[in-house]
Amino acid sequence: MVTNASEVDHYASDFKQLQALNDNNWVSPIRSHAMETFAGIGLPTTRKGNEKWKYTNVAPIARIPFALSSSSNTSIDVIKSVAPWSDSWTNVVFVNGFYRKDLSDQSDEFELTNLAELIEERIPVENLGSLTDISDDGFAALNTSFLQDGIVLKVGKGKTVEFPINVVFFSDGSPSTVAHPRIFVKAGRGSSVSVIENYVGGGGDYSLTNSVSEILVEEDAVVNHYRFLSESEHTYDVGYGRVKLSDNSVFNSRSFFKGANIGRYDLNVLIDGEYASCDLQGLYFTSGDQHMDNFINIDHAKPYGTSNLFYKGILDGKSRAVFGGTVLVRKPAQKTDSVQSDKNLILSADAEVDSKPALFIYADDVKCAHGATAGNVDADTLFYMRSRGIDLETASRLLIYGFAGEVIDKVEIPELRDFLEEAFLTSLPSYKFEF
Amino acid sequence: MAHFATCPPGVRCPIELMTYFRINEVDSGQFERTLIIADEGSYVSYLEGCTAPMRKTHQLHAAVVELVALKDAEIKYSTLQNWYPGDKDGNGGVFNFVTKRGAARGENSKISWTQVETGSAITWKYPSVILQGDNSVGEFYSVALVNNHQQADTGTKMIHIGKNTRSTIIAKGISAGKAENTYRGQVSILPNADNARNFTQCDSLLIGDECGAHTVPYIEVRNPSAQMGHEATTSKVNDDQLFYLQQRGIDLEEANYMVINGFCRGIFKELPFEFAMEASQLLRVSLEGTVG
Amino acid sequence: MSKHNLIEIKNLHASVEDIEILKGINLEVGVGEVHAIMGPNGSGKSTLANVIAGRPGYSVTEGEIIYEGDNILAKEPEIRARAGIFLAFQYPVELPGVRTWQFLKAAVDAIRKENGDEEMGVRDFDKLLEEKRQLVEMDPDLVKRSVNEGFSGGEKKRNEILQLALLDPKLALLDETDSGLDIDALRIVSEGVNNFKGPQKSVLLVTHYQRILDYISPDYVHVLVDGKIVKSGGAELALELEQKGYEWIRESTGTEVQT
């Protein structure tokens, strides 16, 4: 990949300053290695032959010399007004990528620390980075180069965490700044936990959030993962998630997108144990000139795995949504059962959807299927509703809500479901399907 | 080497035009071109069959086929490709890199590609239809069977430009031995293609645990009135079906052939009758030794 | 003319994709009457029901449909529905993600609004819905699910009859509502229609078979062949048709019948 020298230089000087702050720390060599890697590969701006970024142009992100952001004294009310929140949850707040102890809950049920503290105390985090292949991803390399703060969560063996852990990454929208949040979760054998990752805020000028999450799910453990992305129309948000499942473990993911100028979510679930399963669902609503790219991959490496991938998109304005979903079934992964689907409802003549649901199958005794649809509602559906006296606008609204509701309804945390319903239903457009 | 065929206005060509290709020379290549123009209101059906004798080294086939259908015209292009696939260890065989493009240029025009691909060491080909005329129709029906060390990467492109354009893609892939089979296809619905429709169905069967079957669709929709649907499945031959046939006294190899032939029937029926018979026979020969 | 007609269909011609299906239908349905339209497959029975309800894709090339004194051909389907025309679909449509409760309430409210009434309160609506649900013996769980999604054929038809009871129209068009039903479902569906019937209500029932007429007795029976009504009579005509088959119509009327 061709790299742009000035883009790398800019980050290199910020990098030197950061490294000087934590000399001889356990993170120093990790960062140095990542920066060297980044200098070699740069951001994925090359278009030709670039299958991973085929439909998403990151040149606008590469062009801006983003400076490292600093913390700010944002109040709790601002956070609560934009992110899901319940006092019964364990809430953890980061502003511009920095942990805000004063706004966050503590818990002795599980190990919950912020990365900056672990760096300060010189306590290395075992397995941090083990799921991230920085050699293949300029954004993940950049995140790792600036490893500074984030959340480290470890749930002990057999522990069932009753209430969700709600992690809010709020950006105050300082112009031309970047935050590199980092999440590391380890769910011990037989444990069960729900984690909500929120990316919210942003301002009237361009800023970048470049996150990396790694989730290790040990034998028999269950992780329910929610992701909510709703940032300003000037925010760029690149998220990189890596999950590894052991025997009999379960990973459920629900991803909701309604904000950011360019958004990208690259999620890869490695099924590395027998009888493990994952259920990945997503809802994206794009409007204006937003661009959202969901790049969702499931890697079946062991037998008897099941996976379900179910994404839905609603497109309005001049927006563009990209769905790249890949199910890979490796040779040892016999008896895999996998379903994948991406459905798109296009509301505007200027919107575009690009969907690429791929299957790569190397084991024979498997059942794999995928499907994709794009377009409007069909005429019969609309006539059925109208024949009951419902006008076009109401019928259209019910169908659009229903389309979104299929994903929102499956959220099992009541407060979060209510929040999402409100967040989506109030912003979905009033529209008339006509034929 | 080149062929040109034009079908004059209003003529329904009553017989199938048939060509037969063979590559004989060792270490040779063949680079033919074909252009078919169907004038207004005409119909033509064109068949091509391809074989090559066994050679220890590779041969190259790199052809270009271009089809143009004007107003109300229809072109049906069928291929039975059985170039030498190489031996069971992957020695020899034809590299089959073919460019096939169709322009459904006039209103109500139709271009239909049907292919049965059983041969060649490596096949790369994507017969495409550019649906320019309003109400034009594009079809792609394909069976691709690979065995031993063969690789096939084939599919289509349907580019919807005109209004009320429709395309149908039905692709059946069968992989056996150590072979790799990929369906790779693009469906693009451009901003002016109001009420465009596409339906795509890709099904893959795997025989044995050393082969691969891959499905890579690219779907690009830029018009809200479009309806496009893509479905794909991958599995092995259904054990219950095989058992049912065996229980009725049919041996496993024959049962396997019957099930796979049934899997491909929808495509074979798009071929002219004699060709369909030949395609079934080709399937039988290609499947020999894949079970048991 | 002593009788008061709810709907009058005059010389109706209708086409689908340029193929003429209805070739001059004349039919009057009086208030309080039950009419059955019978005919072989492809005769145009379903087309007639759908054209009355205003389904897009059908073009009326000639004739008119007068409903309560107005020609309704230019009216949108929802306007016709609010005026009291209800079509029970032959193939009820699935609405993924749209909850049945929400859908039914929107329909009830649309009609109330048309009549100048307020939207119905949630509690009142729940009560009404529960009452009607019990009437059609529909599984209470189905009301909580998406409209028709994953319903069996019989459940879908029951849902149609539930809507008939709930929306309480003036004219019920039943499009092959009996097809694909087992005896129990047929009984419940028929009871639903019989409950609906009354001096102020009219029913136009489209069917291929005489079977449903054992449960819902029609005042008039019309035989539709190749887009035209070729014979009309009382309930006895249906029985005669059942015994003698559509072939008999051809002989007695000189019409070609394709079966």
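Me: How much area do chain A and chain B bury between them?
Reply: Chain A and chain B bury about 2600 Å² between them, 51% of it on carbon and sulfur atoms. Buried area is the accessible area (1.4 Å probe) that two parts lose on being put together, summed over both. This is a predicted model, in which local features need pLDDT of at least 70 and side-chain atom pairs count only at pLDDT 80 or more, while totals for chains, interfaces and linings use all residues. Residues are numbered from 1 along each chain as its sequence is written, chains are lettered from A and ligands numbered from 1 in the order in which they are written, and side-chain values use heavy atoms, with hydrogens and water left out.

Me: How many residues does each of the two chains put into that contact?
Reply: Chain A gives 37 residues and chain B gives 31 residues, contact meaning heavy atoms within 4.5 Å.

Me: And how many salt bridges cross the interface of chain A and chain B?
Reply: The rule finds two salt bridges there, each being a side-chain nitrogen of Lys or Arg within 4 Å of a carboxyl oxygen of Asp or Glu. One of them joins Asp365(A) to Lys236(B), with the closest N and O atoms 3.8 Å apart.

Me: Which elements give two or more residues to the chain A side?
Reply: They are β20 (352-361) and β21 (367-375) of chain A; helices (H or I, at least four residues) and strands (E, at least two) are DSSP runs, numbered from the N terminus. The largest share, ten residues, comes from β20(A). By class, the side of chain A that touches chain B has 19 nonpolar, eight polar and ten charged residues. Here Ala, Val, Leu, Ile, Met, Phe, Trp, Tyr, Cys and Pro count as nonpolar, Asp, Glu, Lys and Arg as charged, and the others, Gly among them, as polar.

Me: Do β21(A) and β20(B) run parallel or antiparallel?
Reply: Strand β21(A) and strand β20 (residues 227-236) of chain B run antiparallel, joined by eight bridges. Two strands pair if DSSP finds at least two bridges between them. Within this pairing, Ala372(A) stands opposite His230(B).

Me: Moving to chain C, how much area does chain A bury with it?
Reply: Chain A and chain C bury about 2100 Å² between them, 62% of it on carbon and sulfur atoms. In chain A, Phe383(A), Tyr384(A) and Arg388(A) lose the most area to chain C, together 38% of what that side buries. The contact involves 20 residues of chain A and 34 residues of chain C.

Me: What is the count of salt bridges between chain A and chain C?
Reply: The count is six. Among them is the one between Arg55(C) and Asp380(A), whose closest N and O atoms are 2.9 Å apart. On the chain A side, α7 (379-386) and α8 (392-408) each supply at least two residues, and α8(A) gives the largest share, seven residues.

Me: What about the sheet in chain C; in which order do its strands lie?
Reply: Six strands form an open sheet of mixed pairing, in the order β6-β9-β10-β3-β11-β12 (chain C). The edge strands, each pairing on one side only, are β6 (85-88) and β12 (228-233) of chain C.

Me: In which sense do β9 and β10 of chain C pair, parallel or antiparallel?
Reply: Strand β9 (residues 171-175) and strand β10 (residues 202-207) of chain C pair in the parallel sense over five bridges. Asp175(C) stands opposite Val206(C) in β10(C).
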